Amino acid sequence: MKHLIDPMDLGVEEINDILDLADDIIAHREKYSTACKGKKLATLFFEPSTRTRLSFEAAMMELGGNVLGFSDANSSSSTKGESVGDTIRIVSYYADIIAMRHPKEGAPMLAAAKALVPIINAGDGGHNHPTQTLTDLMTIRREKGRLSDLTIGFCGDLKFGRTVHSLIKAMSRYENIRFILISPEELQIPDYIRTEVFDKKGISYRQVSSMDDVMPELDILYMTRVQKERFFNEADYIRLKDTYILDCKKLKKAKPDLSILHPLPRVNEISTEVDDDPRACYFTQAHNGKFVRMALIMTMLA
Amino acid sequence: MNIDSIQNGIVLDHITAGKAMQLYKDLELERLDCSVAIIQNVKSNKMGRKDILKIDQEMSVNLDVIGYIDPDITVSIIKDGETIEKKKVAPPDRLINVVKCRNPRCITTTEQGIDHIFKLTDRENRIYRCLYCEDMLKQ
């Protein structure tokens, strides 16, 4: 039984297959409308989410399957003190596949050890979010037509941003990727990404604090939100939350074919005036998330 | 300074100077009912300075703990005053319930009855990471 806990659980070929399938689903929606008929997806969200949970549920429904689960830990037995392990073991009897989000890092790894059905990590604290990574890869591939030979700027909270860590790891497997890391000093990429991804693979990267200086070089700009829920100290959050705000003025220096991605939700790091710019891909990205999750569910249930 | 040799027990030699107390604690030697000699800062031709632990009782020691704390240690088994076996240790691939993850966001901080597991991710630099949250273990 295969689980998806870490984006690196999937090889490059497996990712290509999933992205090809997602592309085919977009092109031939009807063909897949009963692909998961009679199957049940449990969405266990111990932490709030809009896009991820709803896109999983919409994905399963579009495949003709059914959905059960909870969207808040307060409506689960975890409020009574039930362990994650017990919850997962029991839900395994009711569903064919489980997508779970949990605020504690490593919870899906623990779940995979207890589950009788495939587990999909739908986000564990500041750690991993592999289906967001698949969504990002799909969006880059559809926008650029390739996953190699790209300059990618990651901007904002690179310390706690799990989507950034996962996408860096995933992109490090493709040829000729130039990484530019744009963040304040306090929110720089964790050491382990530096040592175990960049240094170990001999990948060059640049750390900068100014978005303006590097804007003309970028093929992809991956914006992130400074996440309030990752801070223990609110004063630090308030001090850092408005460090980078992307607006039309900043985009004047960008390439005409830049693709702006954001895992969403945004707060104010992308001005709403950017939404109408043809380079803004973040809503398309959220849409892609449903299709790539459809492809993933189908693949994992096959 | 002289410390009597032991008749039956274990000698941990070539301990990096300063690490004997950590070994004493992590091997839970305070629970033993026998004599334990902690010899610190001994002159050594090979190491300059080293620590030695002598345990005056036949017992099994957790080689994973030793390999994690200091893989250069030599473990000698003593029987009737003679060394009958010498073991070299190595950093174990996995540490199970030896140390706990200190990441407050890790699932191991809240889930009951879970094994605390660290995996060796970089043998050269002896870096261990939590199996669950991948946080690096700091010695």
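Two rings of Phe, Tyr or Trp count as an aromatic pair here if their centres lie within 6.5 Å, and a pair is edge-to-face if the planes are over 60 degrees apart. With that rule in hand, let us walk through this structure, which is a predicted model. A search of the whole structure turns up 7 aromatic pairs over all chains.

Start with A:Phe46 and A:Phe70. Their ring centres are 5.1 Å apart and their planes stand at 85 degrees, so this pair is edge-to-face. Where do the two residues sit in chain A? A:Phe46 is in the loop between strand E1 (40-45) and helix H2 (51-62), while A:Phe70 belongs to strand E2 (residues 66-70), so the pair ties together parts that are 24 residues apart in sequence. A:Phe46 is buried, with a relative accessible area of 8%, and A:Phe70 is buried too, at 13%.

Now move over to chain B, where B:Tyr68 and B:Tyr128 make an edge-to-face pair, with 5.5 Å from centre to centre and 85 degrees between the planes. B:Tyr68 comes from helix H2 (residues 63-69) of chain B and B:Tyr128 from strand E8 (residues 127-130) of chain B, so here the parts tied together are 60 residues apart in sequence. Both B:Tyr68 and B:Tyr128 are buried.

A:Phe154, A:Phe179, A:Phe198, A:Tyr205 and A:Tyr222 are linked by ring pairs into a cluster. Elsewhere on the tour, A:Arg293 lies over the face of A:Phe56, 5.1 Å from the ring centre.

Let us step back and take in chain B as a whole. Chain B has 2 helices and 8 strands, and from the N terminus on its elements run β-α-β-β-α-β-β-β-β-β. Its C-alpha trace spans about 50 × 30 × 25 Å along the principal axes. Of the 139 residues of chain B, 45% count as buried. Among contacts in chain B with a separation of 6 or more, 56% come from residues 24 or more positions apart.

The domain assignment divides chain B into domain 1 (9-88) and domain 2 (94-130). The C-alpha centres of these two domains of chain B lie 24 Å apart, and their contact takes 7 residues from domain 1 and 6 residues from domain 2. The size of an interface is often given as the accessible area lost when the parts come together. Between domain 1 and domain 2 of chain B, the buried area is about 510 Å², and carbon and sulfur atoms give 66% of that.

Finally, look at where the chains meet. Here 21 residues of chain A are in contact with 16 residues of chain B. The area buried between chain A and chain B is about 1500 Å², with 51% given by carbon and sulfur atoms. On the side of chain A, A:Lys104, A:Glu105 and A:Leu110 supply 37% of the area buried against chain B, more than any other three residues. The rule finds 1 salt bridge across the interface of chain A and chain B. A:Glu196 forms a salt bridge with B:Arg129, and their closest N and O atoms are 2.8 Å apart.

Key:
Residues are numbered from 1 along each chain as its sequence is written. Chains are lettered from A and ligands numbered from 1 in the order in which they are written. This is a predicted model: local features need pLDDT of at least 70, side-chain atom pairs count only at pLDDT 80 or more; totals for chains, interfaces and linings use all residues. Side-chain values use heavy atoms; hydrogens and water are left out. Rings of Phe, Tyr and Trp (its six-membered ring) pair if their centres lie within 6.5 Å; planes under 30 degrees apart count as stacked, over 60 as edge-to-face and the rest as tilted. Helices (H or I, at least four residues) and strands (E, at least two) are DSSP runs, numbered from the N terminus. Buried means under 20% relative accessible area, exposed over 50%, partly exposed in between (1.4 Å probe, protein chains only). A charge sits over a ring if NZ of Lys or CZ of Arg is within 6 Å of the ring centre and within 35 degrees of the ring normal. Domain bounds come from an automatic or database domain assignment. Contact means heavy atoms within 4.5 Å. Buried area is the accessible area (1.4 Å probe) that two parts lose on being put together, summed over both. A salt bridge is a side-chain nitrogen of Lys or Arg within 4 Å of a carboxyl oxygen of Asp or Glu.
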